[in-house]
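Reader: I would like a close look at one part of this model. Please take the aromatic rings.

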Amino acid sequence: MNKAQSNFCLLCVTLCWSTEVILLKNIPAEIPSIAITAMTNFIGCVILIAIFFKKIFQPLAKRQLLRVAGLGVLNMAYNLLMLFGLQYLNVSTGIFTLSMTTVVLPVLLLLKRQKIRVHTWVGVGLILTGILLAVNLHADWSQLPGVGIMLVVCLLRAWYIIKLNEAAKEMEPIQLSALILGVVAVLSFVIWLFIEPRTVFALPYSTEMLSSIFVYSYFICAFATVINIFAQKQASARTASVIYSLEIVFSTIFSATLPAILVDRITLTPTLIIGCGLVALGALLSEFDVTGLVSSWKRRRCA
């Protein structure tokens, strides 16, 4: 897989993730976040085991097992906090605050003493400007707790992306995907069992709820996780985070155009459109050194 192919795969993953707002819409609000996490990750893990049994059950070193366990804990932590934080936020605010991951990640890489180029900071600045422009907290101060929670989510998610990127370059992607899903499923179920001993027998079931759970398990947990890890074998953590930020654009389009029966509709305002545009432009500038390309083109022209 070359760089262009890995970027395309990451874009497909981002498109899958942007459908979460649709799938979660059909899961009753009374179902706890821990239950959704446990069920979807368990089903996703079972799907991968059923298809790739031999690849998944290969021996692993103790260091690799510890790495998988750490990734599973991080994954569960930020997803649970995200589901909890989104309860305080409207759709557009939730989408944009989650994209703060792209702003946090270069800072973490800098702390790890990795060099961040100027065009990356310019792109991140545009993304941050787009987020701040699109998120309107003045109308509803009750969203502030949700924003605080989402900032913690972004920090954990950025660290997860960095560590996942490192693991993806050393381990079999399908095996790594299944093991992370399995760790998240087990840990979530233990917490769920403590909160509600009846677990699956305490849930209100419906056709819409079950179909959403299974579709979420396949596309978000199984399919997107595997493709994401395959892509990260080639891509850097920074590139992955930048492409993930485009989830804003996809989610906003879905929330503005799909019927209210599928999504919580949002109204496209000028600030929201400009915010999406700045995020997309920032993602482009973060990934491609436009000034460097122009300078190179001028040098070739003058030669």
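What percentage of the 303 residues in the protein is buried? And how many aromatic pairs does the structure hold?

Author: Buried residues account for 49% of the 303. Buried means under 20% relative accessible area, exposed over 50%, and partly exposed in between, with a 1.4 Å probe and protein chains only. This is a predicted model, where local features need pLDDT of at least 70, side-chain atom pairs count only at pLDDT 80 or more, and totals for chains, interfaces and linings use all residues. Numbering runs from 1 along each chain as its sequence is written, and side-chain values use heavy atoms, leaving out hydrogens and water.

The protein has 15 helices and 0 strands. These are DSSP runs, numbered from the N terminus: helices are H or I with at least four residues, strands E with at least two.

Now the rings. The structure holds 7 aromatic pairs. One of them is F189 with W192: the ring centres are 6.1 Å apart and the planes stand at 85 degrees, so this pair is edge-to-face. Rings of Phe, Tyr and Trp (its six-membered ring) pair if their centres lie within 6.5 Å; planes under 30 degrees apart are stacked, over 60 edge-to-face, the rest tilted. Both residues sit in helix α10, residues 173-195. They are 3 residues apart, about one turn of the helix. W192 is buried, at 2% relative accessibility. F189 is partly exposed, at 36%.

Y218 and F223 make another pair: their ring centres are 6.4 Å apart and their planes at 20 degrees, so they are stacked. Y218 is partly exposed at 37%, and F223 is partly exposed at 34%. Together with F219, Y218 and F223 form one aromatic cluster.
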